[in-house]
Amino acid sequence: METRSILVLLGLLVAAGAFAEAYTWTDESGVVHYSDRPQPGAKRIDLPESKPSRPSPTTVVPTGESQTDEQTEAATTFGYDSIEIASPASEETLWNVEGVVSVSLAITPALRPGHQVRVYFDGTPQTVSGASFQLQEVWRGVHNLQAEVIDETGTLMIRSRPSRFYIQQNTVF
């Protein structure tokens with residue numbers, strides 16, 4: 001029963017955020033105020049609906065080379081559809097890994113030449129080669145992993161959701 005109550009409460013909170021209103025008014029001193037609560041003489045502000053966006057990729061054309069209109073359009077509109085940490089799975093518990101964890105990423109479409117994968121392991125960034133690699137010195141405990149693809153200029157193309165996994169070690173008495 002508690003789970004259902006929590007889910008209903010979360011649903012109400014999300015719905016309340018979707019229908020938020022904003023108001024503005026100017027006081028006697030000429031100071032403009034903004035609030036989510038109406039005040040005497042306040043005007044309602046129409047807020048645009050927020051939509052998540054992904055950074056648009058940029059194209060670098062080396063000097064001395066020319067591209068056709070089709071190549072330029074394909075390069076500027078390219079974007080990755082998804083990136084996920086396939087292994088270790090989110091919330092997975094690994095046993096007796098001896099400090100080495102194999103990681104594999106699912107990137108759609110495949111990683112383009114010149115693009116790199118940057119991984120944040122427990123908040124520390126490191127560049128890895130390709131979509132499969134190993135993390136060294138991963139010991140017992142809770143660990144967080146997130147991956148992103150960056151292009152030749154260092155522009156972020158796409159980022160995965162954070163993934164948490166656990167390392168357990170057998171104890172010998």
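Predicted model: local features only at pLDDT ≥ 70, side-chain atom pairs only at ≥ 80, totals over all residues.
## What counts as buried

A residue counts as buried when its relative accessible area is under 20%, as exposed when that area is over 50%, and as partly exposed in between.

## Three salt bridges

Let's turn to charged side chains. Side chains of opposite charge can pair when their charged atoms come close. The cut-off is 4 Å between a side-chain nitrogen of Lys or Arg and a carboxyl oxygen of Asp or Glu, and by this rule the model has three salt bridges.

One of them joins R164 and E91, with 2.9 Å between the closest N and O atoms. R164 sits in strand 12 (residues 163-168), while E91 is in the loop between strand 4 (82-87) and strand 5 (93-95), so this pair ties together parts that are 73 residues apart in sequence. How open are the two partners? R164 has a relative accessible area of 36%, which makes R164 partly exposed. E91 is partly exposed too, at 39% relative accessibility.

## The network around E148

R118, E148 and R159 are linked in a network of salt bridges. Start with E148 and R118: their closest N and O atoms are 2.6 Å apart. E148 belongs to strand 10 (residues 141-150) and R118 to strand 7 (residues 116-121), so the bridge ties together parts that are 30 residues apart in sequence. Next comes the bridge between R159 and E148, where the closest N and O atoms are 2.9 Å apart. Since R159 is found in strand 11 (residues 156-159) and E148 in strand 10, the pair ties together parts that are eleven residues apart in sequence.

Is E148 buried or exposed? With a relative accessible area of 1%, E148 is buried, because that value is under 20%.

The side chain of E148 makes one with the side chain of R118, at 2.6 Å, and another with the side chain of R159, at 2.9 Å. Which residues does E148 touch, leaving aside those up to four places away in sequence? They are I83, Q116, V117, R118, Y120, L156, I158 and R159.

Three strands make up an open sheet in the order 2-1-3, with antiparallel pairing. Its edges are strand 2 (32-35) and strand 3 (43-45), each of which pairs on one side only. On average, neighbouring strands of this sheet are turned by 30 degrees against each other, direction ignored.

What about the pairing of strand 1 with strand 3? Strand 1 covers residues 22-26, and the two strands pair in the antiparallel sense over three bridges. To find the pairing in the structure, look for A22, which stands opposite I45 in strand 3.

Methods
Residues numbered from 1 in each chain as written. Heavy atoms only, no water. Helix = DSSP H or I, 4+ residues; strand = E, 2+ residues; numbered from the N terminus. Buried < 20%, exposed > 50% of the residue type's maximum accessible area, 1.4 Å probe, protein only. Polar contact = N/O pair within 3.5 Å; in protein donor to acceptor, adjacent residues only side chain to side chain. Contact = heavy atoms within 4.5 Å. Pairing = 2+ DSSP bridges. Axes fitted to C-alpha atoms, helices over the stretch in contact; angles between N-to-C directions.
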